[in-house]
Amino acid sequence: MIGEDLRYRYGFRGKNDEVFPPMVFAEITNVCNLNCVHCPYSYISKQESYVPRHMSLEVYKKIVDELSLHKEAILRLVCDGEPMLHPDFLEIISYAAAKGIKPLCLNTNGTLLNEKIAIEILKFVDLIEISLDALNENTYEYLRKGARYRETMLNVCNLISLRNSLNAKTKIMVSIIDQPEIKKEMDGFIKYWTPKVDRVITRTYTTIGGLVDKDKLRLANAQERWPCPLIWSRIFVSVDGVIKFCVEDWLDKTALFHIKNCTIGEAWRSAEYQKIRESHLFGRFQEIPYCKECIDWPARSWDYDYFYALEKTLKQ
């Protein structure tokens with residue numbers, strides 16, 4: 001059982017984080033143009049209950065307007081779909097920039113990254129991460145079904161070239177998930193991309209709440225479960241405006257509030273959120289049904305995670 005002394009080890013890093021989340025995930029669309037084998041979209045999009053949707057500008061602007069009052073917070077356009085498929089994508093990134101959102105971070109599969117969009121991204125986005133997940137063509141097209149390796153690689157290289165020629169300040173990252181299919185490619189991937197981009201991200205494979213292949217899970221054994229750092233460092237707003245405490249919850253099982261009835265700050269400081277943190281802090285994971293069933297928790301490190309990778313990259 002986790003003791004009270006660990007309050008000094010786990011929790012907010014500073015007073016600002018008690019008031020507002022350090023990182024806000026905005027799922028601006030749940031539509032994707034790929035069916036990657038490691039992504040729940042390939043499963044969820046085939047269900048009868050699935051309805052393709054884009055976040056309304058009303059909901060998005062409410063998120064951004066509140067974020068503009070908290071200059072230290074990071075906004076990430078990420079998660080259950082490909083952001084560039086939103087019909088108002090260019091307005092979305094320009095609105096955030098106009099409101100002074102810095103940093104504005106974008107995650108994309110890179111397949112739609114043509115020159116016109118790339119130029120706009122370089123104007124408004126502080127950091128772009130492109131999920132590639134393989135070094136070789138056959139592996140890439142197996143993992144990222146629907147994508148064309150040569151087209152995506154050309155898009156990424158053109159973005160880098162444009163960034164350099166325009167002397168833009170946008171940071172560029174590429175990422176790869178550590179899964180069996182790329183075991184022989186991981187070192188080559190890192191070696192190839194490290195001199196070309198600002199950072200290479202390697203991610204631990206997780207089941208995303210049990211929605212993808214559990215047999216590929218290779219997490220280190222831990223003697224005792226620790227609290228999840230995500231509930232102290234980020235919050236998630238879904239395409240419909242649902243505020244959730246787990247960024248890997250694709251089925252709204254961790255929904256707490258709706259942004260039409262509650263601000264992000266109110267949700268973050270709420271008694272409901274605090275109860276979740278207390279349950280984690282004292283090892284009472286069984287009190288939260290979604291967390292009780294989680295098998296991905298060993299991948300959530302307090303020592304180093306994506307949040308810190310962003311910070312280091314943005315400070316370069």
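1. Thr108 has Ile130 in E5 as its bridge partner. The pairing behind this is between strand E4 (residues 104–108) and strand E5 (residues 127–131). These strands run in the parallel sense and share 4 bridges. The model is a predicted one, so read every value here as computed from it.

2. Now the sheet as a whole. It is open and has 9 strands. Their order is E8-E7-E5-E4-E3-E1-E9-E10-E11, and the pairing is mixed. E8 and strand E11 (255–258) stand at the edges. Each has a single partner strand, so one side of each lacks a neighbour in the sheet. On average, neighbouring strands are turned by 25° against each other, direction ignored.

3. Ile177 stands opposite Arg203 in E8. From E7 the chain passes through helix H8 (residues 186–193) and on to E8, a right-handed β-α-β crossover.

4. Where does H8 pack? H8 packs on the sheet and touches E7 and E8. The direction of H8 makes about 175° with that of E7.

5. Next, the helix pairs. Helix H3 (residues 57–67) and helix H4 (residues 89–98) have axes that come within 10 Å and cross at roughly 25°. H3 and H4 are therefore roughly parallel to each other, the cut-off for that label being under 35 degrees. The crossing of H3 past H4 is right-handed. On the H3 side, the contact uses Leu57, Tyr60, Lys61, Val64 and Asp65. On the H4 side, Glu91, Ile92, Ile93, Tyr95 and Ala96 meet them. By class, the contact of H3 with H4 has 7 nonpolar, no polar and 3 charged residues.

6. H4 also packs with H5, at an angle of about 15° and with the axes 9 Å apart. H4 and H5 are therefore roughly parallel to each other. Their crossing is left-handed. H4 contributes Phe89, Leu90, Ile93, Ser94 and Ala97, which meet Ile117, Glu120, Ile121 and Phe124 in H5. The contact of H4 with H5 divides into 7 nonpolar, 1 polar and 1 charged. Ile93 of H4 is listed in the contact with H3 and in the contact with H5.

7. Helix H5 (residues 115–124) packs with H7 at an angle of about 50°, with the axes 10 Å apart. Roughly parallel or oblique? H5 and H7 are oblique to each other because of that angle. The crossing is right-handed. Glu115, Ala118, Ile119 and Leu122 of H5 make the contact with Leu159, Leu162, Arg163 and Leu166 of H7. The classes in the contact of H5 with H7 are 6 nonpolar, no polar and 2 charged.

8. Two backbone items deserve a look. What kind of peptide bond joins Lys102 and Pro103? The bond is cis, with omega about 5°. Pro103 lies in the loop between H4 and E4.

9. The other item is Asn167. Its phi is near 55°, a positive value in a residue other than glycine. Asn167 sits in the loop between helix H7 (149–166) and E7.

Terms used: Residues numbered from 1 in each chain as written. Predicted model: local features only at pLDDT ≥ 70, side-chain atom pairs only at ≥ 80, totals over all residues. Heavy atoms only, no water. Pairing = 2+ DSSP bridges. Helix = DSSP H or I, 4+ residues; strand = E, 2+ residues; numbered from the N terminus. Right-handed = clockwise from strand over helix to strand, strands pointing away. Axes fitted to C-alpha atoms, helices over the stretch in contact; angles between N-to-C directions. Parallel < 35°, antiparallel > 145°, perpendicular 65-115°, else oblique. Left-handed = near helix turned anticlockwise from the far one by under 90°. Contact = heavy atoms within 4.5 Å. Nonpolar A, V, L, I, M, F, W, Y, C, P; charged D, E, K, R; others polar.
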